[in-house]
Protein chains: 2
Amino acid sequence: MAEYIESLQKLAEQFGRLEGVGRKSAMRMAFSVLDMSSETANELALAIIEAKQKIHLCPICQNITDRDLCLVCADEGRDRSVVCVVSDPKAVISMEKVREYKGMYHVLGGVISPMNGITPDKLKIKELLARLSEGEIQEVIVATNPTVEGEATAMYLSRILKPLGIKVSRLAYGISVGADIEYADAVTLNRALEGRREI
Amino acid sequence: MAEYIESLQKLAEQFGRLEGVGRKSAMRMAFSVLDMSSETANELALAIIEAKQKIHLCPICQNITDRDLCLVCADEGRDRSVVCVVSDPKAVISMEKVREYKGMYHVLGGVISPMNGITPDKLKIKELLARLSEGEIQEVIVATNPTVEGEATAMYLSRILKPLGIKVSRLAYGISVGADIEYADAVTLNRALEGRREI
């Protein structure tokens with residue numbers, strides 16, 4: 001009869017709009033809202049509205065932030081001569097976990113994908129060019145995903161940035177640390193061979 | 001750096017309070033709120049508040065509803081002489097999917113579990129007794145889960161209801177339709193043997 005408890009059904013539908021939430025999970029989540037105290041449910045609702053209101057793009061690197069500048073751009077200790085270009089904020093989180101990278105970021109907000117209507121002008125490329133024109137940046141590390149679209153975006157960036165006299169690099173391809181070569185795909189193994197280094 | 005985008009982190013924590021939502025899913029959901037339009041995010045927040053405000057227990061069967069009476073209790077066509085006792089509203093949904101059951105329901109709001117502090121007085125048993133005292137109900141079908149707690153609850157109900165001259169029955173145990181006997185557990189198989197029927 002949940003189909004007929006209109007407000008429960010509506011809530012489940014709303015949860016179902018979130019990424020990675022299927023119909024059954026959405027219904028379970030809706031039920032779990034009913035089990036919450038009114039206070040907790042209000043906190044959840046408020047957190048949604050607040051996050052949406054407060055979080056905006058950092059005017060420099062286009063990463064998401066709820067402050068004037070994101071923490072990386074605001075950090076005086078970071079190396080402003082290197083910019084790592086990523087497709088989305090989640091990639092910044094992964095890169096930051098490495099703790100080795102001390103440069104800056106630039107978030108494109110996607111990758112070139114004409115099939116999905118994402119042409120280069122839809123990405124934050126002109127903002128990147130504006131940053132580069134300031135002259136401080138010497139190297140751009142393209143860290144888009146190793147997919148067709150990620151590759152195309154990397155090639156596109158390389159082609160427009162190299163003429164500006166900026167070093168453009170790409171993350172190395174190869175086998176994952178701790179992985180089993182038996183299970184590595186042929187393309188990755190081929191890239192790992194191509195990129196082999198003397199030891 | 002998501003750890004440092006306070007409102008994003010807060011939202012992910014709130015999502016993490018929902019049943020079946022882990023840390024990673026919660027963060028993915030929080031990100032997906034950022035990808036929504038403000039309107040959609042507001043709709044989600046509003047649906048949470050609304051569901052919480054509108055949904056209450058049906059005064060007769062204690063199932064959840066957003067109307068005065070739940071649809072089953074409000075339905076004049078149902079058989080008021082049979083009551084199926086279940087632990088929670090989700091069980092009602094499953095029973096309704098059968099489409100064969102035309103009786104009423106009574107939702108206990110849990111099962112007896114002294115370990116978790118759930119004693120019979122915490123369940124809607126006195127509400128059930130009040131319904132029974134009206135004299136219309138002739139049979140109570142106990143449909144609690146086939147777990148230790150569900151069994152204990154069924155035994156408890158049987159012990160207090162039988163002296164009132166009411167027929168108390170329990171759902172049959174046995175192998176699932178379409179299941180493979182090879183994979184049925186011994187306890188279930190034993191129950192299926194005990195409950196065997198002539199064909």
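Biologist: Is E139(B) buried or exposed?
Modeller: E139(B) is buried, because its relative accessible area is 19%; buried means under 20%, exposed over 50% and partly exposed in between, with a 1.4 Å probe and protein chains only. This is a predicted model, where local features need pLDDT of at least 70, side-chain atom pairs count only at pLDDT 80 or more, and totals for chains, interfaces and linings use all residues. Residues are numbered from 1 along each chain as its sequence is written, chains are lettered from A and ligands numbered from 1 in the order in which they are written, and side-chain values use heavy atoms, with hydrogens and water left out.

Biologist: Which residues is E139(B) in contact with?
Modeller: Leaving aside neighbours within four places in sequence, E139(B) is in contact (heavy atoms within 4.5 Å) with S81(B), V82(B), V83(B), I166(B), K167(B) and S169(B). With S169(B) there is also a side-chain polar contact of 2.9 Å. A polar contact is a pair of N or O atoms within 3.5 Å; within protein, one must be able to donate a hydrogen and the other to accept it, and residues adjacent in sequence count only if both atoms are side-chain atoms.

Biologist: Where in chain B is E139(B) found?
Modeller: In strand 5 of chain B, residues 139–142. Helices (H or I, at least four residues) and strands (E, at least two) are DSSP runs, numbered from the N terminus.

Biologist: And what order do the strands of that sheet have in chain B?
Modeller: The order is 4-3-5-6, in an open sheet of four strands with parallel pairing; two strands pair if DSSP finds at least two bridges between them. Strand 4 (104–107) and strand 6 (167–170) of chain B each have a single partner strand, so one side of each has no neighbour in the sheet. Ignoring direction, neighbouring strands are turned by 25° against each other on average.

Biologist: How many bridges are there between strand 3 and strand 5 of chain B?
Modeller: Four, in the parallel sense, with strand 3 spanning residues 82–86. V85(B) has V142(B) in strand 5 as its bridge partner.

Biologist: Which strands does helix 5 of chain B touch?
Modeller: Helix 5 (residues 89–98) packs on the sheet and touches strand 3 and strand 4 of chain B, making about 160° with the direction of strand 4. Helix 7 (residues 148–161) of chain B also packs on the sheet, touching strand 3, strand 5 and strand 6, at about 165° to strand 6. Axes are lines fitted to C-alpha atoms, for helices over the stretch in contact, and angles run from 0 to 180 degrees between N-to-C directions.

Biologist: Changing topic, what covers the buried residues of helix 2 of chain B?
Modeller: The cover includes helix 2 (23–35), helix 3 (38–54), strand 2 (64–65) and helix 5 (89–98) of chain A, together with helix 1 (6–16) and helix 3 (38–54) of chain B. Among the buried residues of helix 2 of chain B are M27(B), F31(B) and L34(B).

Biologist: Now chain A. What order do the strands of its open sheet have?
Modeller: The four strands have the order 4-3-5-6, with parallel pairing. Its edge strands are strand 4 (103–107) and strand 6 (167–170) of chain A, each pairing on one side only.

Biologist: What is the bridge partner of C84(A) in strand 5 of chain A?
Modeller: I141(A).
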